[in-house]
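Morning, everyone. Let me put the structure up, and then we'll go through it.

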Amino acid sequence: MADEAKGGGELSFHPMDQFIVKPLFGDGPVGLFTITNVTLWMALTVLCIIGLFVLGTRSRAIVPSRTQSVAELGYGFIYKMVEDVSGKDGVKYFPYIMTLFLFIVFSNFLGLLPRSFTTTSHIAVTAVMAMGVFLFVTILGFVKHGAGFLSLFWISSAPLALRPILALIEVISYFVRPVSHSIRLAGNMMAGHAVIKVFASFAPLVLISTGVGLVVTPLSILAITAIYALEVLVSFIQAYVFAILTCVYLKDALHPHH
Amino acid sequence: MEGDIVEMGKYIGAGLACTGMGGAAVGVGHVVGNYLSGALRNPSAAAGQTATMFIGIAFSEALGIFSFLVALLLMFAV
């Protein structure tokens, strides 16, 4: 990042610059089929997933290699989560949740590499996934239960006078789901990376004014290290939260009766 | 002059929107704190409730993220 700043002839840069979508070849406008840095990093994400699982399951040894242990650990972790949260009949939809989790966790981790691009920091990317989950869950609910799916909004354990008001709240919260589902992931990734870059813009201060810089530069580098460690944790937790909320929505679709 | 006031309003609004993050902090702290106090009372039941804790964190955190989003919209979109 310091090289980038020096190349620009000054030491400051905007913390949101890292989220700009630009074409990979040339500087033409970004169209529907332009190959951009988003395309590159999504492709790398998919390649990493394929690499982990194809290499990991190639030998299928009784005593697993390191790659195989990671693949088995990930598989078992998500399988158990789906089984615990959405029940036995939710296991049928395990491949979908596993795919979502792997894509998110790998693009979050790849986004932590310096000079890389975090595809999940764009609401356009996460909104597609969240809308996919929302449509899938809604259609599944209506296919499985027909009009009975609407009993999700009619809470029969509440007093009768309260039920219409609760139904209204439930309907609103149902339609806010895709919004919060997508913005939670994108917002977390964007905010974390922006904070790292804000501290990174304080780091080269020692080159400008030695007096203040001698104090601020080590502090900001320490802060970058600490926030980076936090971001590794957040990357995993947000992927986990996205997957677990998908399971919760799936459970609502499979068992709408309260 | 008018542009300056609009610009000032944007920055003040974005700053005010950040107070929402405090609410999310209180919420997440409350969820985790209660989980921990329950887990220490009955450690054998704690492992089964970790997923529930994360769901609770996610719901209360979402509102903090919304305030961040409002700040971003004010800064870059309005």
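Is Arg66(A) buried or exposed? Arg66(A) counts as exposed, because 8 C-beta neighbours lie inside 10 Å. The cut-offs: buried takes 20 or more other C-beta atoms within 10 Å of the residue's own, exposed 12 or fewer, partly exposed in between, with C-beta atoms placed from the backbone. Arg66(A) sits in helix H3 of chain A. Helices here are DSSP runs of H or I, at least four residues, numbered from the N terminus. Gly56(A) is 10 residues from Arg66(A) in sequence and 8.1 Å away in space, C-alpha to C-alpha.

A word on the source. This is a predicted model, where local features need pLDDT of at least 70 and side-chain atom pairs pLDDT 80 or more, while totals for chains, interfaces and linings use all residues. Residues are numbered from 1 along each chain as its sequence is written, with chains lettered from A and ligands numbered from 1 in the order written.

Take Ile244(A). Leaving out residues up to four places away in sequence, Ile244(A) touches Met81(A), Val85(A), Ala51(B), Phe54(B) and Ile55(B). Contact means C-beta atoms, placed from the backbone, within 7 Å.

Last, the chains. 10 residues of chain B contact 14 residues of chain A.

Conventions: Contact = placed C-beta atoms within 7 Å. Helix = DSSP H or I, 4+ residues; strand = E, 2+ residues; numbered from the N terminus.
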